[in-house]
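Me: I would like to learn how to read a model like this one, feature by feature. Could you take me through it with care?

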Amino acid sequence: MNRPQYSSAEKQDNSRYIAYRFYTETIEVNRMSALAFFEAGESFYKGKRFFWQNPEKTFTLVGLGHAHVLTGANHQGRFEDVKSNWQSLCKQIVNEEHFIEPILFGGFSFDPLNKSKSIWREFPEAYFAVPTFQLVIKNDRAYISIHLITKKEDTFPEFEALRKERDKLIHAAQVSEPLTYKKPEVTGREELKKASYLSSIDKVTGVIKAKQADKVVIARVLRLDFDKSLSASSALYQVSKEQPESFLFGLEAEEQFFFGATPERLVKVEDRQALSTCLAGSTPRGKTVEKDNELGNELLNDRKNRSEHQYVVDMISKVFAAHCREQFVPKKPKLMKVRDIQHLYTPVEGELKQGSNLIDLVRDLHPTPALGGEPRQSALSLIRQYETMNRGFYAAPIGWIDAKGDGEFAVAIRSALLDGKEAYLYAGGGIVEDSTPESEYAETWVKFRPMLRALGGQLSDES
Ligand SMILES: C=C(O[C@H]1C=CC=C(C(=O)O)[C@@H]1O)C(=O)O
């Protein structure tokens, strides 16, 4: 794979420093379908696109093409590298007056120290891009920015060509028929390493009983086969129809596409106000209002789920205490109800201290005990030992940061990796002392549902 390594905004070139220049130009356009804009990039920017929409639908982001890529293979410093390279790049922004900030979008892998065989061949430990064309829809208004990051002095012809290209993309997105795609046809399904998943739950509960850890999140993979390759646009279309109340995300890396509909915010920063969400402890939705409320109340009062949840609240509160001046943590969780599942949910808020930024929070929060466990390091080594797979970008931070430092990262759960005619779906759950393989297995079926619905897979009766 021929991908640039970490690139900093200033590099030594012929023994003198030549700075990158970061040109950005934004126009406001008539509101258009973000998916249609994503689709408009199919011919020329395939493999270099991303999509993001927050659950409130107040912020939608699409990127086409790469003005600059930051990737990483330096697991110890991957967060720092992304942070400092982005800050250096932002210092090179030429146009002081830009009413829409340029955005860096991407994610990190779950655990770079996991050396299990990986199907995530196009996704390095950190993979971020500044798009060439950036669509932002916020407050019901749409903006398209062109980004050009170059060392060249004379960029006028290049920029003119990009303006023409931008206008073609806008036109294509605006005049296209409303997107509709048929549900894909699943031709096969395999629960990968099911037996070892079930026995890992037994082993991990044993380790927890022996007091070597308090909580460990164990996940598994389901593979779906199709008769033809699915397009990234059709996958996003299906997921946006099926899961409107979650974060929707999609990240292309050459011919692989990682996408999902996650209810879990890792952290958001806006004007130095930080917000995180503790989400752990789950039960299915009931078929009737009465049953739904009954299940919800049971969850709120269930000792096992409350203890799983509390580990997350304690850890996130600790990280916020280190990075925020004041923090606000409600004493008791509430319920978050999404289409297929209800969770215990506690929001944590604070105001960033001088010197801390969004990427520092991402670095220190990942993985929370909702995806790793408690204590973190023991949980991670137990996951490496027992999970027998490589999570890639599943359960890891995915999101964006702008040139001002505002941004938002979600936890990439309820997600799948599309790879040609195959899709790999991921789901896991928090294991504590009294977890059982049967109930954990059933819970993973509930967590597979968002992606099964999107990809046309049969929902299991076991859930
Ligand atoms: C690991 C997953 O969910 C986590 C997030 C919310 C609730 C969870 C739970 O109840 O176990 C998990 O910690 C997943 O969806 O794959």
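Reply: In this predicted model, the residues of the shell around the ligand divide by class into eight nonpolar, six polar and three charged.

Me: Which residues come nearest to the ligand, and which elements give two or more residues to the shell around it?

Reply: Of the 17 residues around the ligand, those that come nearest are Ser-282, Ile-413, Gly-428, Gly-429 and Gly-430. The elements that give two or more residues to this shell are β10 (215-226), β14 (273-284) and β22 (422-431).

Me: How should I read the packing of helix α5 against helix α11?

Reply: Two packed helices are described by the distance between their axes and the angle between those axes. Here the axes of α5 (residues 194-209) and α11 (residues 437-455) come within 9 Å and cross at roughly 130 degrees, and the two helices are therefore oblique to each other. Their crossing is right-handed.

Me: Which residues of α5 and α11 meet?

Reply: Leu-198, Ile-201 and Asp-202 in α5 meet Pro-437, Glu-440 and Tyr-441 in α11; by class, this contact has four nonpolar, no polar and two charged residues.

Me: What does the domain assignment of the chain give, and how many residues does each domain bring to the contact?

Reply: The assignment gives domain 1 (10-175) and domain 2 (186-233 + 264-455), with their C-alpha centres 27 Å apart. The contact takes 32 residues from domain 1 and 31 residues from domain 2. On the side of domain 1 that touches domain 2, the elements giving two or more residues are α1 (34-40), β4 (49-53), α3 (78-91) and β6 (103-108), and the residues of that side divide into 19 nonpolar, six polar and seven charged.

Notes. Residues are numbered from 1 along each chain as its sequence is written. This is a predicted model: local features need pLDDT of at least 70, side-chain atom pairs count only at pLDDT 80 or more; totals for chains, interfaces and linings use all residues. A residue is near a molecule or strand if its C-beta atom, placed from the backbone, lies within 6 Å of it. Helices (H or I, at least four residues) and strands (E, at least two) are DSSP runs, numbered from the N terminus. Ala, Val, Leu, Ile, Met, Phe, Trp, Tyr, Cys and Pro count as nonpolar, Asp, Glu, Lys and Arg as charged, and the others, Gly among them, as polar. Domain bounds come from an automatic or database domain assignment. Two residues are in contact if their C-beta atoms, placed from the backbone, lie within 7 Å. Axes are lines fitted to C-alpha atoms, for helices over the stretch in contact, and angles run from 0 to 180 degrees between N-to-C directions. Angles under 35 degrees count as roughly parallel, over 145 as roughly antiparallel, 65 to 115 as roughly perpendicular and the rest as oblique. A crossing is left-handed if the near helix is turned anticlockwise from the far one by less than a right angle, and right-handed if clockwise.
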